[in-house]
Amino acid sequence: MRQPGRSERLAAAHVRDGATCLWCARPLDGRVPATTDHVIPKVRGGPSWLENEVAACGRCNGERGHRGAVDWLEECERRGWAPDVERLARVLDALAAAIDARGGQRRARPHLDAQRRRLANRRRAAA
């Protein structure tokens, strides 16, 4: 099975999530170009799969670097931005399901599990 290229994954992320940055909610139009951001960074074993990628603005993608998703989510909130917590939860859950189905990703699993736990704890505390 052929893996889609980066531009195809970015287009699919737009269709799946809408054309806004996950982290700051800026519209990703001609003035703000979209980039693909790995929710679980590649340096932490995150795959280049659609399930691990979201559309983000270049500013957020660049400033986030290799930080964990929940760490960056909290930083975005401190800055007064409006990150999409529900979308992040959906992407993390979809990635976990994809890893369960496809196997592998030994390096990504512990980091993914930790991010899902932290996000669930934040959501429980907020309720």
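Is Arg116 buried, partly exposed or exposed, and at what relative accessibility? At 32% relative accessibility, Arg116 counts as partly exposed, where buried means under 20% relative accessible area, exposed means over 50% and partly exposed lies in between, with a 1.4 Å probe and protein chains only. I will come back to that arginine, but let me begin with what we are looking at.

This is a predicted model, in which local features need pLDDT of at least 70 and side-chain atom pairs count only at pLDDT 80 or more, while totals for chains, interfaces and linings use all residues. Residues are numbered from 1 along each chain as its sequence is written, and side-chain values use heavy atoms, with hydrogens and water left out.

On the overall fold, the protein chain has five helices and two strands, and reading along the sequence gives the pattern α-β-β-α-α-α-α. Its radius of gyration is 14 Å, close to the 14 Å that the globule rule gives for 127 residues, so the chain is as compact as a globular protein of that length. That radius is taken over C-alpha atoms, and the globule rule is 2.2 Å times the number of residues to the power 0.38. The helices (H or I, at least four residues) and strands (E, at least two) are DSSP runs, numbered from the N terminus. Along the principal axes, the C-alpha trace spans about 35 × 35 × 25 Å.

Buried residues make up 40% of the 127 residues. The chain exposes about 6600 Å², of which carbon and sulfur atoms supply 52%; these accessible areas come from the Shrake-Rupley method with a 1.4 Å probe, and for residues only the protein chains shown count as cover. If we take contacts (heavy atoms within 4.5 Å) between residues at least 6 apart in sequence, 66% of them join residues at least 24 apart.

Now to the charged side chains. Side chains of opposite charge can pair when their charged atoms come close. Here a salt bridge is a side-chain nitrogen of Lys or Arg within 4 Å of a carboxyl oxygen of Asp or Glu, and by this rule the count comes to 15 salt bridges.

Let me return to Arg116, which forms a salt bridge with Asp93, the closest N and O atoms being 3.0 Å apart. Arg116 lies in helix 5 and Asp93 in helix 4, so the pair ties together parts that are 23 residues apart in sequence. Asp93 is also partly exposed, with a relative accessible area of 41%.

Glu86 is partly exposed at 43% relative accessible area, and Arg123 is partly exposed at 35%.

The bridge between Arg78 and Glu75 has its closest N and O atoms 3.2 Å apart. These two residues are three apart in helix 3 (residues 69-78), and therefore separated by about one helical turn. Arg78 is exposed, with a relative accessible area of 61%, whereas Glu75, at 18%, counts as buried. Elsewhere, salt bridges that share partners join Asp71, Glu74, Glu77, Arg118 and Arg122 into one network.

What about the aromatic rings? A search of the whole structure finds one aromatic pair. Trp72 and Trp81 form that pair, which is edge-to-face, with 6.3 Å centre to centre and 70° between the planes. Rings of Phe, Tyr and Trp (its six-membered ring) pair if their centres lie within 6.5 Å, and planes under 30 degrees apart count as stacked, over 60 as edge-to-face and the rest as tilted. Trp72 is buried, with a relative accessible area of 0%, while Trp81 is partly exposed at 21%.

Finally, two loop residues. Ala25, in the loop between helix 1 (6-17) and strand 1 (34-38), has a phi near 70°, a positive value in a residue other than glycine. Gln105, in the loop between helix 4 and helix 5, likewise has a positive phi, of about 60°, although it is not a glycine. Ala25 is partly exposed at 35% relative accessibility, and Gln105 is partly exposed at 22%.
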